[in-house]
Amino acid sequence: MSKKNEEKNIPETEPETREASKEPEASQEPEKAPEPEKTEAELLGEKLQEANDKYLRMLAEYDNYRRRSQKERENIYADVRADTGKKLLPVYDNLLRAVDQEPNEDVKKGMEAILTQFNTILSSLGVTAIEAVGKKFDPAFHEALLHIEDEKYGEGEIVLELERGFQLGDKVIRFSKVQVAN
């Protein structure tokens with residue numbers, strides 16, 4: 001600021017910059033020619049293609065829904081069968097215990113007949129017994145309750161089955177409770 005302007009407290013103004021006074025330059029890109037309008041046949045073809053794509057997507061979604069629903073129904077059915085079988089197993093255990101008590105011969109035959117019928121019902125549900133005695137211990141199917149050291153048995157061999165295990169297909173509904181050697 002000059003001394004005169006300082007005394008009067010008037011700020012000096014700077015001359016306008018050239019950039020502010022410049023007019024914007026015209027873009028150097030050539031203008032694009034407008035696209036020609038599509039014919040009615042082309043528009044209809046595009047609409048048909050869009051409708052066809054939409055239809056195919058909807059068909060695929062429905063197919064996926066149908067498969068998912070079928071799988072859910074099968075899983076629910078398998079769960080109900082497993083739950084039903086699991087509820088029947090205590091009765092099965094009691095029948096086995098009664099047969100093992102060696103009642104008189106007629107009672108024993110009757111209980112064995114009931115046990116056979118019970119096995120038929122369980123197998124019709126798809127429930128099968130898990131083999132244990134003489135097999136190698138597998139924690140996916142067996143639950144070790146007791147352990148013994150005996151040289152006549154192999155390492156991890158199941159010696160005694162305390163409670164029979166059952167499975168429905170590949171799903172274990174009750175683990176075998178066993179005694180394992182070594």
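The legends below describe close-up views of a predicted model.

Residues are numbered from 1 along each chain as its sequence is written, and side-chain values use heavy atoms, with hydrogens and water left out. In this predicted model, local features need pLDDT of at least 70 and side-chain atom pairs count only at pLDDT 80 or more, whereas totals for chains, interfaces and linings use all residues.

**View 1. Helix H3 along its length.** Helices (H or I, at least four residues) and strands (E, at least two) are DSSP runs, numbered from the N terminus. Helix H3 covers residues 40–100. A kink of about 30° lies at Leu89, shortly before the proline Pro90. The bend at a residue is the angle between axes fitted to the seven residues ending there and the seven starting there. After H3 comes Glu102, whose phi is positive, near 55°.

**View 2. The open sheet S1-S4-S5.** Three strands form this open sheet in the order S1-S4-S5, with antiparallel pairing. Its edge strands are S1 (127–129) and S5 (171–174), each of which pairs on one side only. Two strands pair if DSSP finds at least two bridges between them; S1 and strand S4 (residues 166–168) are joined by 3 bridges and run antiparallel. Within this pair, Thr128 stands opposite Gln167 in S4. Neighbouring strands of the sheet are turned by 35° against each other on average, direction ignored. Helix H3 lies across S1, S4 and S5, running at about 35° to S5. Axes are lines fitted to C-alpha atoms, for helices over the stretch in contact, and angles run from 0 to 180 degrees between N-to-C directions.

**View 3. The largest nonpolar core.** A nonpolar core is a set of buried Ala, Val, Leu, Ile, Met, Phe, Trp, Tyr and Cys residues joined through side-chain atoms within 4.5 Å. Buried means under 20% relative accessible area, exposed over 50%, and partly exposed in between (1.4 Å probe, protein chains only). The largest such core has 13 residues, of which Tyr92, Leu122, Val127, Phe166 and Ile173 touch the most other members. The elements giving two or more residues to this core are H3, helix H4 (105–124) and S4. H3 gives the most, with 5 residues. In soluble globular proteins, nonpolar side chains tend to be buried together.

View 4. Phe166 is placed in strand S4 and counts as buried, at 2% relative accessibility. Contact means heavy atoms within 4.5 Å. Not counting residues up to four places away in sequence, Phe166 touches Leu89, Tyr92, Leu122, Val127, Thr128, Ala129, Ile130, Val172, Ile173 and Arg174. The C-alpha atoms of Phe166 and Ala129 are separated by 4.4 Å, although these residues are 37 residues apart along the chain. Leaving aside its neighbours within four places in sequence, Val127 is in contact with Gly85, Leu122, Phe166, Gln167, Leu168 and Ile173.

View 5. In H3, the buried residues are Ser69, Ala82, Gly85, Leu89, Tyr92, Asp93, Leu95 and Val99. What covers the buried residues of this helix includes H4, S1, strand S3 (158–163), S4 and S5. Asp93 is found in H3 and is buried, with a relative accessible area of 8%. Asp93 touches Glu163 and Arg174, not counting residues up to four places away in sequence.

**View 6. The open sheet S2-S6-S3.** This open sheet of 3 strands has the order S2-S6-S3 and mixed pairing. The edge strands are S2 (142–148) and S3, each pairing on one side only, and the twist averages 30° from one strand to the next. S3 is joined to strand S6 (residues 176–181) by 4 bridges, and these strands run antiparallel. Ile158 stands opposite Val180 in S6, and the bridge partner of Glu161 in S6 is Val178. S2 and S6 run parallel and are joined by 6 bridges; here Ile148 stands opposite Ala181 in S6. Because 5 of the 6 residues of S6 are buried, this strand is largely enclosed by the rest of the structure.
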